[in-house]
Amino acid sequence: MFILSDLYRVSIGVGNRVLTPRMKQIVKWDHPAGMKYIHFWAPLMKWSLVGAGFGDMLRPANKLSLNQSISLFATGAIWSRYSMVIVPKNYMLFAVNIFLAFVGGQQVARIAHYRYTHLETPNANEKQI
């Protein structure tokens, strides 16, 4: 059975053979936050949350979840600070978390504005009694 860890090992092996020393230097191949380590791949996957947040900008504000938006904002704010404290500094993690905080904050602002301007209509996410 071919699992993802095998795919990862094969692709790193191919990269080690194919890339020239100068190319490895350019793409920071052996850097602790480079492509061979989780410090590169985790922020790369986290960009999907930013993409989903930008996709939610097209949804009406009464369909958005306040709890989810607050958690995206808090996660982005906390981890952007943490990414500048850890060694090695992970600028890709910093960038994705700044965008995540921005997207979460934007959604919270949209929800707050909607609830402030539409006081008489119930929220679509709340249960009706």
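Reply: Let us begin with a term for accessibility: a residue is called buried under 20% relative accessible area, exposed over 50%, and partly exposed in between. Y82 has a relative accessible area of 41%, so Y82 is partly exposed. Please keep in mind that this is a predicted model.

Me: How much confidence does the predictor place in the protein, and which elements have the lowest and highest mean pLDDT?

Reply: The mean pLDDT of the protein is 87, and 91% of its residues reach 70 or more. Among its elements, helix α1 (residues 4-18) has the lowest mean, 86, whereas α5 has the highest, 95.

Me: How should I read the aromatic pairs, and how many are found?

Reply: A search of the whole structure finds three. Consider F54 and F102: their ring centres are 6.5 Å apart and the planes lie at 50°, so this pair is tilted. The pair links distant parts of the chain, with F54 in helix α3 (residues 38-56) and F102 in helix α5, 48 residues apart. F54 counts as partly exposed because its relative accessibility is 36%, and F102, at 46%, also counts as partly exposed.

Me: What is the geometry of the pair formed by W79 and Y82?

Reply: W79 and Y82 form an edge-to-face pair, with 4.9 Å from centre to centre and 85° between the planes. They are three residues apart in helix α4 (residues 66-85), so about one helical turn separates them. W79 is partly exposed, at 38% relative accessibility.

Me: Which residues make up the largest nonpolar core?

Reply: The general idea is that in soluble globular proteins, nonpolar side chains tend to be buried together. Here the largest nonpolar core has six residues: V50, L72, L93, V96, L100 and V103. Helix α5 (residues 91-117) gives the most to this core, with four residues.

Me: Is S80 buried or exposed, and with which residues is it in contact?

Reply: S80, whose place is in helix α4, is buried because its relative accessible area is 8%, under the 20% cut-off. Leaving aside neighbours within four places in sequence, S80 is in contact with F94, N97 and I98. The C-alpha atoms of S80 and L100 are separated by 9.2 Å, although these residues are 20 apart along the chain.

Me: How should I read the interface between the domains?

Reply: The size of an interface is often given as the accessible area lost when the parts come together. The domain assignment gives domain 1 (1-30) and domain 2 (32-119). Their contact takes seven residues from domain 1 and six residues from domain 2. About 560 Å² is buried between the two domains, and carbon and sulfur atoms give 55% of that area. In domain 1, Y8, W29 and D30 lose the most area to domain 2, together 68% of what that side buries. The centres of the domains, taken over C-alpha atoms, are separated by 29 Å.

Me: What is the phi value of K28, and where is this residue found?

Reply: Phi of K28 is near 55°, a positive value in a residue other than glycine. K28 is found in the loop between α2 (21-26) and α3. With a relative accessible area of 51%, K28 is exposed.

Methods
Residues are numbered from 1 along each chain as its sequence is written. This is a predicted model: local features need pLDDT of at least 70, side-chain atom pairs count only at pLDDT 80 or more; totals for chains, interfaces and linings use all residues. Side-chain values use heavy atoms; hydrogens and water are left out. A nonpolar core is a set of buried Ala, Val, Leu, Ile, Met, Phe, Trp, Tyr and Cys residues joined through side-chain atoms within 4.5 Å. Buried means under 20% relative accessible area, exposed over 50%, partly exposed in between (1.4 Å probe, protein chains only). Helices (H or I, at least four residues) and strands (E, at least two) are DSSP runs, numbered from the N terminus. pLDDT is the predictor's confidence in each residue, from 0 to 100. Rings of Phe, Tyr and Trp (its six-membered ring) pair if their centres lie within 6.5 Å; planes under 30 degrees apart count as stacked, over 60 as edge-to-face and the rest as tilted. Domain bounds come from an automatic or database domain assignment. Contact means heavy atoms within 4.5 Å. Buried area is the accessible area (1.4 Å probe) that two parts lose on being put together, summed over both.
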